[in-house]
Amino acid sequence: MLFDSYQIKNFTFKNRVVMPPMCMYSADTEGYVNDFHVVHYGTRAIGGVGLIIQEATGVTPDGRISIHDLGIWSDTHVPGLKKIVDVIKSYGVIAGIQLNHAGRKSKTEHPMGPSAISYGGDYQVPKEMSEQDIKDVIFAFGQAARRADEAGYDLLEIHGAHGYLIFEFLSPISNQRKDKYRDGKVFLKEVVEEINKYWPKEKILALRVSAYEYVKEGVTPESISEAINFVKDLGLDLIDVSSGGNVLVKIPAFPGYQLDLAKRVKELTGLPVIGGGLISDLALAENAVSSKRADFIYFGRELLRNPYLVINGAIDLGVEVAYPEAYIRGKK
Ligand SMILES: Cc1cc2nc3c(=O)[nH]c(=O)nc-3n(C[C@H](O)[C@H](O)[C@H](O)COP(=O)(O)O)c2cc1C
């Protein structure tokens, strides 16, 4: 089933293998796309994955994780982003982008968060966001969605995981506000509503979440699913399930370690899910999809090592997939 196609709206994914968003910290300090990005995403597209979700891309300059993140806070970013979209789509791969505000985990000069609580380590204490700050960030997400549409992406993923701003609102560990945003679902809902003003309803809207924080004070698959269900009817199509990132804690990782979280979120929300974590092996991914733990599987670090995972791995599994014409003479 891993190699079966999947349909969402009018988009056909040629298989269930996903390249998840992975920051490359390779942009200039103004967030522009360069040749590296086009080659990097183009190579994974040639390698045969069904969906590429471009790395966390900053909706504001202060919302970047680092000053070398890709940016989408200006209309001048659009032509460069379009180059990534074009190369991905030219190999029949669905092109996604992850929109991010890094919140208190921004390593820029002015990190902001729901509350003035540091992530820890060498991270600064963020400024507690005023209502105006919140309005400005929500507006920025909408403008970023407009630009993502203009650049031609098929799928927009809201980064609601890993301790970045949206997740900071969702977690009681980082959100101790006294106003209506104490309920982090309210912030998430306002972000989705703003994005919906610009992101066409014919395109795919996805949300990445951390479904567990590995400490008892944090979110659970149940509380995160409640937040998803709160905004689901606004038009969420797909949930990308991850974990951790808001607390400095060691995560017990093993191949497929987040698949049970994906399964739980799928059960509780009824939405299709992307699951994964430390997966290198297509056979494990196949098992996860056929046992209905996830609809899609992401291979992060494996695809950094091995961009041609799908086209060559399929041969080893005896599955017929389209091999890039230009590389046929190298086929095993
Ligand atoms: C270099 C690197 C950068 C990452 N950047 C992002 C990111 O921009 N957004 C995100 O949601 N996750 C990010 N992640 C997490 C991955 O998307 C993925 O969830 C994680 O690596 C686990 O999958 P894996 O074990 O298959 O690598 C990053 C991971 C790596 C290794």
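Tutor: Start with rings: those of Phe, Tyr and Trp (its six-membered ring) pair if their centres lie within 6.5 Å; planes under 30 degrees apart count as stacked, over 60 as edge-to-face and the rest as tilted. Ring pairs link Tyr6, Phe13 and Phe296 into a cluster. This is a predicted model: local features need pLDDT of at least 70, side-chain atom pairs count only at pLDDT 80 or more, and totals for chains, interfaces and linings use all residues. Residues are numbered from 1 along each chain as its sequence is written, and side-chain values use heavy atoms, leaving out hydrogens and water.

Student: What makes Tyr212 and Tyr214 an aromatic pair, and which kind is it?

Tutor: Their centres are 5.0 Å apart, with 65° between the planes. The limits are 6.5 Å and 60 degrees, so the pair is edge-to-face.

Student: Why is Tyr214 called buried?

Tutor: Buried means under 20% relative accessible area, exposed over 50%, partly exposed in between (1.4 Å probe, protein chains only). Tyr214 has 18%, so it is buried. Tyr212 has 32%, so it is partly exposed.

Student: How do you know that Met129 is buried?

Tutor: Its relative accessible area is 2%, so Met129 falls under the cut-off. Its contacts (heavy atoms within 4.5 Å) include Met112, Ile134, Leu165 and Phe169, not counting residues up to four places away in sequence.

Student: What makes Lys107 count as lying over the face of Tyr123?

Tutor: NZ of Lys or CZ of Arg must be within 6 Å of the ring centre and within 35 degrees of the ring normal. Lys107 is at 4.1 Å from the ring centre of Tyr123 and lies over its face. Lys105 lies over the face of Tyr164, at 4.7 Å from the ring centre.
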